Amino acid sequence: MATKNFIEELEWRGMIHTIMPGAKEQLEKEMTTAYLGIDPTADSLHIGHLVGVMILKHFQMCGHRPLALIGGATGMIGDPSGKSQERNLLDEPTLRHNQEAIKRQLAKLLDFESDAPNAAVLVNNYDWMKDISFLEFIRDIGKCITVNYMMAKDSVKKRFSGEGDGMSFTEFTYQLVQGFDFLHLYQTMNCKVQLGGADQWGNITTGTELIRRKLGSEAEAFAITCPLITKADGTKFGKTESGNVWLDPRYTSPYKFYQFWLNVSDEDAKRYIRIFTLLDRETVEALTAEHETAPHLRILQKRLAQEITTMIHSKEEYEKAVEASAI
C-alpha cells in the first residue's frame with residue numbers, strides 16, 4: 001500500500017462531503033477498487049469533470065485501483081440529479097467516439113497501461129446493459145427496491161414538488177440503473193466503493209442498498225462524495241461567457257485555459273490549488289502565506305494556472321500561454 005491515506009489526503013484538500021460509515025476502514029484494510037461515473041455527452045471532458053478525475057488520481061496514488069465508468073447506457077437516459085429538464089439521448093457510434101476521446105484525456109492523469117495491480121480500468125455500462133431485457137431488469141432489479149425508497153431521494157422529491165415539468169418514468173428509474181452498475185462492478189471487479197459529487201449521494205446509496213438486498217448483509221459497499229465546486233461569488237464553476245472550459249484544445253485553447261485559472265479570485269484560488277493540483281500540503285500552505293503578504297502579485301493564481309495547464313496540456317503549451325499573456 002502507498003504511504004498516503006486517501007481520506008486524510010482528501011480531507012485537507014477540502015474534497016470530502018460525505019463518507020459512508022465503514023468506508024475509511026475498508027480503505028485501510030486492503031487495496032480497494034472504486035469507481036466514478038463520467039457522462040459521455042461530449043467528446044471532451046470539461047473542468048467540471050476534473051474534480052472527479054482528481055479524486056480517481058489521488059485514489060490511485062494512495063495505492064488503490066480506480067475504475068472510470070463511461071455512462072454509455074445511463075447517458076442514453078439522463079440523470080435527473082440537479083437537472084430540471086429531460087436530456088438529449090445519444091446513439092451508439094457517438095457514444096463510442098466520445099468514450100475513446102475521454103479515455104485519451106484520462107490517460108494523462110491516470111495510469112491505465114502499467115502492469116501494477118492498481119492500474120486504472122475504463123468500463124462502459126452500455127457493454128453490460130445492452131443485452132439485458134426490460135423484463136429481466138424489472139424482475140431482478142426492480143423487485144429489490146421499493147418505490148417509497150426511490151421517492152425519498154432529493155433528486156426525485158425536487159422534481160415532484162414542481163421543479164421543471166415533472167419527471168418521466170425513464171428518469172425516475174435512473175437510480176436503479178446506476179445502482180445496477182454498482183452491483184455489476186461489485187460482482188465482476190470486486191468494486192466496493194463508488195465516488196461522486198454530493199448530488200450523486202442518492203443514486204450511490206441506491207447502489208449500496210441494492211448490493212445489500214441482492215447479495216445479503218455481509219456484502220459491504222460504500223459511498224464517498226465530494227462537495228460540488230462553486231465560485232466564491234456563488235456563480236457556477238467552470239462556466240465562462242463563452243460556455244464550458246474544455247480540456248480539449250480544439251474547444252478551449254491552452255491559452256484560454258491558462259487564462260481561466262489565472263483570473264480566478266483570491267478566495268477561489270486558495271480552494272482550487274488544493275483541489276486541482278497535486279502540490280503537497282506544505283507547498284500549498286507556504287504559497288498561500290506568501291500570497292497573503294502580497295495579493296496583487298497573484299502568486300496563487302500563477303502557480304495554479306501553471307500546475308494545471310502543464311498537467312492537462314504540456315509544459316510547452318504552458319510556456320506559450322505565459323508568453324502570449326505577457327504580450
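Predicted model: local features only at pLDDT ≥ 70, side-chain atom pairs only at ≥ 80, totals over all residues.
In helix 4, the residues Leu95, Asn98, Gln99, Ala101, Ile102, Gln105 and Leu106 are buried. They pack against strand 2, helix 3, strand 3 and strand 4 (121–124).

**Helix 4**
- Helix 4 covers residues 92–106, 15 residues that should span 21 Å at 1.5 Å a residue; its end C-alpha atoms are 21 Å apart, which agrees with that expectation.
- An α-helix has 3.6 residues a turn, so residues three or four places apart point the same way.

**Strand 2 and its partners**
- Strand 2 (residues 33–38) is largely enclosed by the rest of the structure, because five of its six residues are buried.
- With strand 3 (residues 65–70), strand 2 pairs in the parallel sense over six bridges; Ala34 has Pro66 of strand 3 as its bridge partner.
- Strand 2, helix 3 (residues 50–61) and strand 3 together form a right-handed β-α-β unit.
- Strand 2 also runs parallel to strand 5 (residues 191–197), to which four bridges join it; here Leu36 stands opposite Leu195.

**Nonpolar cores**
- The largest nonpolar core has 62 residues, of which Phe6, Ile47, Leu106, Leu195, Ile224, Trp261 and Phe276 touch the most other members.
- Leaving aside residues up to four places away in sequence, Phe276 touches Ile47, Leu50, Val51, Met54, Phe237, Trp261, Leu304, Ile308 and Met311.
- A second, separate core holds 28 residues, including Ile145, Phe172, Leu210 and Ala219.

Notes:
Residues numbered from 1 in each chain as written. Heavy atoms only, no water. Buried < 20%, exposed > 50% of the residue type's maximum accessible area, 1.4 Å probe, protein only. Helix = DSSP H or I, 4+ residues; strand = E, 2+ residues; numbered from the N terminus. Pairing = 2+ DSSP bridges. Right-handed = clockwise from strand over helix to strand, strands pointing away. Expected span 1.5 Å × (residues − 1). Contact = heavy atoms within 4.5 Å. Core = buried A, V, L, I, M, F, W, Y, C linked by side-chain atoms within 4.5 Å.
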